[in-house]
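Please open the model in your viewer and keep the selection tool at hand. The tour below moves from one selection to the next and says what is found at each stop.

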Amino acid sequence: MKRFEPQVVWIDRDELDTPIARAVRGRFRGPIELFSGSAPIGRRSVQDGKRMLVLQRHRGGFLRHCPAGTAGLVCCNYLVVNLASNCPMDCSYCFLQDYLADAPALTAYTNVGEALAEIDAVLRAHPERRFRIGTGELSDSLALDPLTDLSAHLVPFFAARPNALLELKTKTDCVDALLDLDPCERVVVSWSVNAPTVTAADELGTATLAERLAAARLVQARGYLLGFHLDPLVELDGWEHEYASLVEAIAAAVDADRVAWFSLGSLRVSPPLAQAMAGRAAGGPVAAAEMVPGADGKARVWRGLRLRMYRTIVERLREAFPRAPLYLCMETADVWDQVMGEVPSDRGLGMRLAAGRAW
Amino acid sequence: MAESAVRAYAADKHFAPATLERWLALPAAGRDALLDLCVRLRLGENQFRDVLDDATAIAARHTTTVAAIVTGAEIAAVLARGQGRNETIKALKTALRRLRYPQLVVAEQRLRELARALRLPAGIDVVLPENLEGDAVTMTLHGRSAAELRAQARALAAALAGTEIEEMFAVLEGRW
């Protein structure tokens with residue numbers, strides 16, 4: 001996979017001596033511009049925002065509940081910490097196309113120390129709880145790592161915390177920086193993976209499945225736990241075969257006993273995202289799925305077909321990974337009941353995943 | 001056909017710039033095929049956008065072009081029926097829906113067959129979730145007297161003792 005090289009890096013003058021800015025200045029060979037106040041990047045599209053990198057402080061809190069915990073959906077009590085915003089890759093279905101329309105510049109936050117202090121306070125305040133915390137909500141967890149070296153701050157921090165797991169969620173193979181760090185069983189590197197046809201047509205600029213699995217094998221050998229997110233599942237012609245071959249490829253590549261979890265989530269598209277997707281040049285299989293509007297206004301593959309997909313893929317996963325925990329992302333209790341045969345409480349699901357207990 | 005004809009049609013029907021932009025972004029064959037359809041059926045913007053959305057999704061599903069869908073056999077058959085404008089637009093939407101949601105349409109058809117097989121008397125309506133995006137089958141009894149309602153309830157109870165209702169829920173639950 002080609003490493004991300006922004007056309008230009010903008011750095012807030014006041015942040016020049018932060019570890020993140022120092023790392024980028026030491027590694028980036030292209031033009032670097034300085035600014036004070038707000039980055040002078042003007043109005044641009046989310047796609048244009050991906051071609052630059054802005055380094056600045058994040059104002060406000062870092063840690064929050066994953067927005068997937070929307071009322072009416074089963075939640076896994078996941079926390080997200082946003083240390084970057086936007087992503088250099090360009091998936092056709094990505095919600096950031098809508099979500100970041102007003103703040104599209106790819107940004108890495110420089111006050112990582114403050115973020116870690118905030119996390120530390122929460123972990124210390126609740127020593128009896130086990131937290132799962134991820135950095136991959138508004139950006140890819142590892143895509144900027146070759147420039148920012150963020151992992152060098154995150155992994156040792158979490159390695160020393162007994163009541164938290166860090167999840168680094170990615171579609172890249174940018175794992176070099178992880179290989180010299182000791183995760184002490186506290187770090188899950190997880191890959192979003194999809195049917196080969198979807199990856200080829202709808203996940204532009206990402207690593208191939210073979211590259212992702214090669215990277216997974218590498219980090220697993222260095223003591224990291226693995227996660228896989230089959231999300232978004234796309235209803236395309238031949239989905240049974242494509243997702244079966246995906247599960248087989250994962251099973252052939254990694255040690256099944258060291259997979260922390262699998263998640264499955266059906267493609268969901270809000271009306272503004274649908275508009276953004278319609279404006280894209282080419283439509284891959286994602287644009288062709290049998291999706292209908294749901295009660296929350298988002299389009300999903302219609303329920304019967306969605307259930308059929310979940311059941312089929314869950315069955316494959318359970319055969320290949322009998323001890324790995326599985327969960328559904330952003331699904332209702334009735335879908336959980338239909339697919340998994342139970343409806344866990346939010347707290348119960350979060351605790352099971354944090355403990356690595358199989359279903 | 002010239003791009004100017006597309007622009008003229010869109011201007012005449014007050015299409016939003018974003019809609020026109022999507023239309024013009026199509027390859028010439030698709031752009032022209034849609035213009036033919038628009039002129040023939042005097043499509044407004046919402047109708048045009050629905051056709052474009054459907055045709056784009058169907059083209060992606062079948063790895064073909066919007067032009068191939070709009071000029072394909074299914075749409076040609078609708079246009080050849082010689083019905084009035086409103087009936088033709090309705091038939092066009094149905095034909096496009098059949099192409100865009102092939103499995104959903106089959107499931108809906110199967111559910112309608114099963115509902116008919118219940119042989120419910122007049123006065124009992126069966127309502128399925130819209131687009132089958134739900135888990136409930138609603139049955140409504142309309143009676144003008146206690147006796148009429150009792151008769152309907154007996155008929156309904158008898159109907160629900162059969163296997164059709166189980167199969168209806170199986171279809172809704174993706175078990176087919």
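The stops that follow cover cavities, a sheet, aromatic rings and a few backbone features.

This is a predicted model, in which local features need pLDDT of at least 70 and side-chain atom pairs count only at pLDDT 80 or more, while totals for chains, interfaces and linings use all residues. Residues are numbered from 1 along each chain as its sequence is written, chains are lettered from A and ligands numbered from 1 in the order in which they are written, and side-chain values use heavy atoms, with hydrogens and water left out.

**Cavities**

Begin by selecting A:Leu83, A:Ala84, A:Ser141, A:Leu144 and A:Leu150, which lie nearest the centre of the largest cavity among its 13 lining residues. Of chain A, β8 (107–109) and α5 (145–148) are the elements that give two or more residues to this lining. Helices (H or I, at least four residues) and strands (E, at least two) are DSSP runs, numbered from the N terminus. A cavity is a set of points, on a 1 Å grid over the protein atoms alone, where a 1.4 Å probe fits but cannot get out, and lining residues have an atom within 4 Å of a point. The largest cavity holds about 130 Å³ of space, and its lining divides into seven nonpolar, four polar and two charged residues.

Next select A:Ala68, A:Val74, A:Cys75, A:Cys76 and A:Cys329, the residues nearest the centre of the second largest cavity, which is also lined by 13 residues. About 70 Å³ of space lies there, and the lining has eleven nonpolar, two polar and no charged residues. Over the whole structure, a search finds three cavities of 30 Å³ or more.

**A sheet in chain A**

Now show the strands of chain A in the order β2-β1-β3-β8-β6, which form an open sheet of five strands with mixed pairing. At its edges stand β2 (32–35) and β6 (84–85), each with a single partner strand, so one side of each is left without a neighbour in the sheet. Strands β6(A) and β8(A) pair in the antiparallel sense over two bridges, where two strands pair if DSSP finds at least two bridges between them. Select A:Ser85 to find its bridge partner, A:Thr107, in β8(A).

**Rings in chain B**

Turn to B:Tyr9, B:Phe15, B:Trp23 and B:Phe48, which ring pairs link into a cluster. Rings of Phe, Tyr and Trp (its six-membered ring) pair if their centres lie within 6.5 Å, with planes under 30 degrees apart counted as stacked, over 60 as edge-to-face and the rest as tilted. B:Phe15 and B:Phe48 have ring centres 5.3 Å apart and planes at 40°, so this pair is tilted. B:Phe15 lies in the loop between α1 (3–12) and α2 (17–24) of chain B, and B:Phe48 in helix α4 (residues 45–61) of chain B, so the pair ties together parts that are 33 residues apart in sequence. Both B:Phe15 and B:Phe48 are buried, a term for under 20% relative accessible area, with exposed meaning over 50% and partly exposed in between (1.4 Å probe, protein chains only).

**Backbone stops**

Return to chain A and select A:Asp231 and A:Pro232, which are joined by a cis peptide bond with omega of about 5°; A:Pro232 lies in strand β13 (residues 225–233) of chain A. Finish at B:Asn131, a residue other than glycine with a positive phi near 55°. B:Asn131 is placed in the loop between β1 (124–127) and β2 (138–141) of chain B, and is buried, with a relative accessible area of 18%.

Notes: 1 Å grid on protein atoms, 1.4 Å probe; cavity = no way out; pocket = protein on both sides within 12 Å on 5 of 7 lines; lining within 4 Å. Points joined across faces, edges and corners; volume = space filled by probe spheres on them. Nonpolar A, V, L, I, M, F, W, Y, C, P; charged D, E, K, R; others polar.
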